[in-house]
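Colleague: I am new to this structure. Please show me how to read its features.

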Amino acid sequence: DDEKGIRNLFQRALAREGYEVITAENGPEGIRIFKEKAINVALIDIKMHGMDGMRVLRKIKKTSPDCEVIIITGNASMDSAIESVKAGAYYDYIQKPFDNIENLINVIGKAMEKQRLTAQNKELMDALKKRVYELQVLYDVSDAIGYTLDYRKLVKLIMSSLHKIVDDDLSILLLLNGEGGHLTIQRSHTVTDAFINQAKSNVVAASNALMDEDLSENKLKIEEAPYDRWKARGERSEPEQIKTNVRSFFNIPLMIKDKFTGMINVCSHKENAFDVDDIKLLYTIANQMSAAIERLRGVIAAEKTKMEVMVDSMVDGVIMIDKNKKIVVINPAARKALHLGSYQESDIDFDGISKLLGCNPVELLRREGAGSIKNEALIYGIQNQMQISSVMGSDGDALGTVVVLRDVSREKEIDRMKSEFISIVGHELRTPLTSIKNAVNVIFSKKAGDINENQMRFLSMADRNINRLSGLINDLLDISRIEAGKINLELKPLALGTALDMAINSLASRAGEKSISIRKEIPSDLPQAYGDPDKLEQIFINLIDNAIKFTPEGGQICVSASEGQRSEVENFIKVSVTDTGTGIGPDEIEKIFDRFYKVEKTLIRTVNGTGLGLSIVKGLVEAQGGKVWVSSKVGKGSKFSFTLLKYTSERAFKDLLHREIQKANENNTPLSLLILKVDEFEYLRETHGEAEALKLAREVRQLGESTVRRSTDKINVRADGGVIIILFDTPKQGALALADRIKMSVSKQRFTAGEESIKINLQLIVATFPEDGRTEGELMKAIND
């Protein structure tokens, strides 16, 4: 009020009633007080100088809607008083001139009571809304949990619901398994790493108090759920502040049949952040989650039992390996194949299984970089086909490996008999066919008399079919030799261009008949391959001939080559034959290298062939240590690719050693490896350079050759300066005697390294077949060890 006397009168009267009274002589001053202090009831003179009471009323109601405002007015301002009530003022008012203190106190008391009841009602309504919201969230969670049988969905559902019920900064869900546990972190606000670590430590410490053995973080798979900044229900938005310390937290254990199986943790940077109602709700969710986990584990156990029954009844052997290389399932068929019938589950380990299989299946799968591979294993004299496959989870993580063993000894025997039959038939057909061809050639040459034009035409037809039948017999014999493993290879360094040119020349007329161009893309600096020249030519002929068959007139064929690297120690040459033909459908790609398989869905109906050409290519490539594959698009063409080993002297020597060990094994004769290693070779290389050091090694080789003398013995210089000698039909004592003679010969010599004359000392190592090893790998290991 702008009248000081009225302000003083009201202040004295209301102070006696126990009220705290604040006065202001104008509107702006009163509004400022409202910004600084919470006011329950305000009395405003409707007629004031400057800002009148109505403007003050509207501003107060805008900033403090719960405050009760009583208007002070004169008789002449009754209309204004009614208007003020409509604007939110208290329904009663005080008239001037003022002469009744009791009336003032009565009006103030009623307004104060109304303000208290309004605030209480608002508080009750807020609590009711919060309770209804929490119950709705609880209902939604309960309903969803009741139908969830997916572990990840269950975790996501719980973690996304917690911050809707309690005002936390971070929540954690821990679920235990046999070997550790899975810990999921969900942030509701921005927190530091220290905050998260403190929360994790609280969970681990609380869990250890309920467990028989301690749980450490390194046994936990920790995952953080995506963070979506969340604003608390019904609160004003404020700038997000980073929370650094946990000042209050609550742990709710998850119990299944009185057994501790996990924990829910909520934490906050505020002190005393959680009340009894919050805790009750969290316990309700924890109980529901425990029931859901129990139900989920029951379903998993039932499915596992079904799977075990099915796996146990399978004819094929099945071995399941988890990601920690622990054998989790091995069915009776696998036990029988591996002779493990009397062993307990706990006695069967991964290393033992790997030895029986002849390979480490997990490492083999990783090295091949495939989801599934096939391999063969000879187990206790029985041929098995081994299918190794990765088991992947829904999130793409590798869960383990499955090995399926199938006894293919009967199929192999049938194949052997079939190959033997084909070989016999082929040889039996070849002799009379040769006689028929010779007879036709005699008639052609007119040595048996003159022939007319009509007879010449029929003889030409017979000659073409004889050649065709001869090609078929040759293919049958080739595939028979390949399958029997009796193909003879003469591996040597070779240039691709020579074999390719011979193949193109032999097929030039056929390509010319269809106006098909054959292009070569062979780099001039391409390293030499390591293979059999005749077999390589046959591979080129079969692939190019196949391309000509399925390429329409005017098409193109390109033969390209490049160097590749499979690993740090294994390089190869990749060759591709690309055509612009009809292409191969995806359903036929896998069968294209099978024996007698012919592509049926082709636009070219006049294609003839046995269906053996590509099968022969596959056999010849693999026999030389390579791989073959095809990529194709229907209507666009096909690209057949294969690899050959890149030539290195070490590879050639290793191959030679392999062949000679086979001969020694067949002839039951000894074979010795002798290594002459120059002492301090690395020092010589660093001091005098690579070229000078290898020159010294070659001089040692020459001395070794002059001492060995036998042309059948083979000598090679290794990259590390070692000279390795294969001594045929030589026992260990003979090898040691020869080594001493070479060492004595070297000790008498002086060698030149750069401009320096030096003496050389030799280290001598001997390994003998079969006493030190039965394979080239075992002998080389004996030498290296």
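Colleague: How many disulfides does a search of the whole structure find?

Modeller: A disulfide is a pair of cysteine sulfur atoms within 2.5 Å. The search of the whole structure finds zero. This is a predicted model, where local features need pLDDT of at least 70, side-chain atom pairs count only at pLDDT 80 or more, and totals for chains, interfaces and linings use all residues. Residues are numbered from 1 along each chain as its sequence is written, and side-chain values use heavy atoms, with hydrogens and water left out.

Colleague: Is cysteine 67 buried or exposed?

Modeller: Buried means under 20% relative accessible area, exposed over 50%, and partly exposed in between (1.4 Å probe, protein chains only). Cysteine 67 is buried, at 1%. Cysteine 558 is also buried, at 10%.

Colleague: What is the order of the open sheet of three strands?

Modeller: Strands of a sheet pair through backbone hydrogen bonds, either parallel or antiparallel. Strands are DSSP runs (E, at least two residues), numbered from the N terminus, and two of them pair if DSSP finds at least two bridges between them. Here the order is β1-β2-β3, with parallel pairing. β1 (41-45) and β3 (93-96) each have a single partner strand, so one side of each lacks a neighbour in the sheet.

Colleague: Over how many bridges do β2 and β3 pair?

Modeller: Strand β2 (residues 68-74) pairs with β3 over four bridges. Isoleucine 72 has isoleucine 94 in β3 as its bridge partner.

Colleague: What pLDDT does the chain average?

Modeller: pLDDT is the predictor's confidence in each residue, from 0 to 100. The chain averages 82, and 89% of the residues score at least 70.
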